[in-house]
Amino acid sequence: MGSREGMQGWTVRMSTSSVFAMVTAFSMIPGWVLSDMRGTQGLDTQQLAQGSTHLHRRLKRGWIWKQLFVPEEDPTPRVIGQLKSDYDRGEFSIKYILSGEGAGDVFEIDEYSGEIRMLQKLDREVKAFYVLQAQAINRRSNEPVEPQSEFIIKVQDINDNVPQFQNEPYVSSIPEMCPTGTTVAQVTATDADDPMFGNSAKLIYSILQGEPYFSVEPKTGIIVTSWPNMDREAREQYLVVVQVKDMLGLSGGYSSSTTVTVSLTDVNDNGPTFQHHLYSFAVPENAAVGTTVGRIMAEDGDVGINARMTYSLEEDLEESATFRIQTDPVTQEGVILLAKPLDYESKRRFVMAAEAVNDHVDIRFLSFDEFRDRTTLKIVVEDVDEAPIFLAAVYEWKVPENAVVGTVVGTVSARDTDTVNNPIRYSIDKSSDITKALKIDPNNGTITVAKPLDRETTNWHNVTVAAKETTQNHLSSSVAVFIKVLDINDNVPRLARDYQPYICEGTQAGELIQLLSAVDPDEPAEGHHFYFSMVYEKQINPNFTIRDNQDNTASIVARRSTFTRKDRTQYLLPVVVIDSGSPALSSTSTLTISVCSCQPAGHCPTGGVEALALSMGVSLQTLLGLLVCLATLTVLSILMLMVRRHRRKQQEGLETEVKELELPDRVSQKVLCYGEPGGGGADLDFCQPVPLRPHTRRRERRLRREDVAASIRMSLRESHLIGPEDEVFRQFIMDRLAEADQDPYVPPFDCLRTYAYEGAGSATGSLSSLESCTFEPGTEQPVCGPRPNLVRLTPWYGGVEDETTF
């Protein structure tokens, strides 16, 4: 606080006798009269209160203080001050108590005299001041005679710290050829001493090593260049030693030093230079295109981006088309490559010019022409006996997988570069074409499809084609041919797996039943995109719907909320999957959605007795009971079937007795017609059989064959008394027709029975005996037995009645 404000605050605290006085080095002001260690008496409180405009009466003196300053690093314990109350009359009735920072271990107070002693040496850099509290207590009453007051003991600084550099080590770089005064770096040092007291923390910088190239600002530590045009190619790195001193560099102070590493960065102040005016190379004529003929190098003193250069050949010479040159990015050499096949018989020597130019030109240091240089190249072709050379280093073709056999895929071509130009034959290496899907024309090198291709089986056919001379040394060469089979949309999309969806009873409308996905062996260039839908004719499904998620998946969603196993246990849902090919292909899969009485967690058992019981909506005990009942019913059914078979055998034995009354099967399929052409009555014709419509109704009761036979006999006996128009005859015919229609168990099932009136006045024998003819299998005409075809109708002539048998 300022001197005047501190005086006013002090006066207020001294206005009562129960206030401690606080004495510090920064609160002492001129006008105070203090007691020193030799017993000098102080002024009264009225003098301490001078300058205050708020008090107008004489104040009572409360405390007499010693000045409290402590120098650091003083190892001698000694008295640094004294506290004394004006109530202290020297009778030792007052007890002084000290508390606060350092009380007891760093400082102590004499409880009788109030003297404050320092017990150990202090370090200002560790702690600059101590805040303590003092109190005076009456020994008899143990009551405070003065209220507790706070004061500060300040530690005075001495020069006991060496300045230290921060952020070491220092590394900096500047461009070469930079002007004088360019800032290199700034070094910074700190001193732990008090910068507000004396010169202990006032620092000065100087150069110990690095002159005359560099200098440093004494107060700021900024290092600058002091030498012009420093060349990196002459010297690339400098070590600058900077010293810092405290006490403004005066003697008796401390100092330290640091090293600053200064590097010169490159600028483009040098151009490329060829070391020779002529470079000679030799290359065999059978060298492949792309062969390295040689390397040339233009020297450049710069580095990095400033040393990059581009080589080129003269554009106006024919030789520049046969060769090309490119820059090696690592060594910056010019690599001469063969651009075209050579032919010793055509041309044996090439001469051309090469030029090197810097990529980055800086005209601040050199002119534009100084950043380029030229030289001459001489290339000699050597003669060799060479094999056929393919016109391409590699062949790569594409063919659709639906290409028919015989489709031309491509043509390889090779030639003999020798003067004789031997004929060449082409062939495919058998080891490279195991499937023999391709074949080549040995004369012209045309490759065609030999077998149908399937991209899903083999999507690449990589073969090796050889070209061989037919004469002389039979030299040969080979080339790699890569044939990619292009995909066409020839596979239908299918569901990704065999889905077995189920829906729990109580499922709400809109809930997800099953998530579907699809696969397709095809690989379209734009990727798969599947579309899911229901069968077009069944788009409106009241139970389920298919929601296409537009991400190659679809969701089966319930459309209603009333699914129960009592209504239905399974639903069939056809799903149509369409791909995005051209043309688009589709497939339809029918999913069986089962209605399940799910467990509480929503799980539907898929196997075992528990799953069967759950699917039927019954408990496990109930299902076991049903199985026992089912087994019992099965045993009873078998027993009843055996009894029925036994009764059927007995019935067949009874029917054997009336076998003679049954009509033959083959005869019953014919209709017998009686005609009398020319007035005669002896002709017998067989009409074509007419099939009856099938009748599937079961007859409620079956008439016994004995009753039918008796009815027929009675009708025959009475037929000589009636005519064809008689009601009895008509009723007989109608009854027989009804029996044939209503009884599906009387064979044959598809024949027509016809009954006709034979006549009463015929002179011929009877033609109604159906047993006179039989039908053998495989024949169309009836075969008559030894029984005569024509017999006398004795009933109509009054003879004895004979039983007619059918």
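**Close-up views of a predicted model**

Arg455 is buried, with a relative accessible area of 8%. That residue opens the first view below; the model throughout is predicted.

**View A. Arg455 pairs with Glu523 in a salt bridge.** The N to O distance is 3.5 Å. The two partners sit in separate loops. Arg455 is in the loop between strand S33 (446–449) and strand S34 (460–469), and Glu523 is in the loop between strand S38 (512–519) and strand S39 (531–534). The pair links distant parts of the chain, 68 residues apart.

**View B. Arg372 and Glu355 form a salt bridge between two strands.** The closest N and O atoms are 3.1 Å apart. Arg372 lies in strand S26 (residues 372–382) and Glu355 in strand S25 (residues 349–358), so the pair ties together parts that are 17 residues apart in sequence. Glu355 is buried, with a relative accessible area of 14%. Arg372 is partly exposed at 31%.

**View C. Lys121 and Glu73 form a salt bridge between two loops.** Here the closest N and O atoms are 3.8 Å apart. Lys121 is in the loop between strand S6 (115–118) and strand S7 (129–138). Glu73 is in the loop between strand S2 (69–71) and strand S3 (78–85). The pair links distant parts of the chain, 48 residues apart. Glu73 is partly exposed, with a relative accessible area of 28%. A search of the whole structure finds 16 salt bridges, including this one.

**View D. Cys504 and Cys598 form a disulfide.** A search of the whole structure finds one disulfide. Its sulfur atoms are 1.9 Å apart. The link is left-handed, with -85° about the S-S bond. Cys504 lies in strand S37 (residues 502–504) and Cys598 in the loop between strand S43 (586–596) and helix H4 (608–616), so the pair ties together parts that are 94 residues apart in sequence. Cys504 is buried, with a relative accessible area of 17%. Cys598 is partly exposed, with 22%. Two further cysteines can be located for reference: Cys178 is buried at 6% relative accessible area, and Cys629 is partly exposed at 45%.

**View E. Six residues make a nonpolar surface patch.** They are Leu633, Val635, Leu636, Ile638, Leu639 and Met642. The patch covers about 590 Å². Met642 is in helix H5 (residues 620–655). At 54% relative accessibility, Met642 counts as exposed.

**View F. Gly249 sits in a loop between two strands.** Gly249 is partly exposed, with a relative accessible area of 33%. Gly249 and Ser206 are 43 residues apart in sequence, and their C-alpha atoms are 9.7 Å apart in space.

**View G. The whole chain gives context for the close-ups.** The chain has seven helices and 49 strands. Buried residues make up 36% of its 806 residues. Of the contacts with a separation of 6 or more, 66% come from residues 24 or more positions apart. The accessible surface comes to about 46,800 Å², and 53% of it belongs to carbon and sulfur atoms.

Terms used. Residues are numbered from 1 along each chain as its sequence is written. This is a predicted model: local features need pLDDT of at least 70, side-chain atom pairs count only at pLDDT 80 or more; totals for chains, interfaces and linings use all residues. Side-chain values use heavy atoms; hydrogens and water are left out. Helices (H or I, at least four residues) and strands (E, at least two) are DSSP runs, numbered from the N terminus. Buried means under 20% relative accessible area, exposed over 50%, partly exposed in between (1.4 Å probe, protein chains only). Patches are made of residues with over 30% relative accessible area and no salt bridge: like charges are joined within 9 Å, nonpolar side chains (Val, Leu, Ile, Met, Phe, Trp, Tyr) within 5 Å. Accessible areas come from the Shrake-Rupley method with a 1.4 Å probe; for residues, only the protein chains shown count as cover. A salt bridge is a side-chain nitrogen of Lys or Arg within 4 Å of a carboxyl oxygen of Asp or Glu. Contact means heavy atoms within 4.5 Å. A disulfide is a pair of cysteine sulfur atoms within 2.5 Å.
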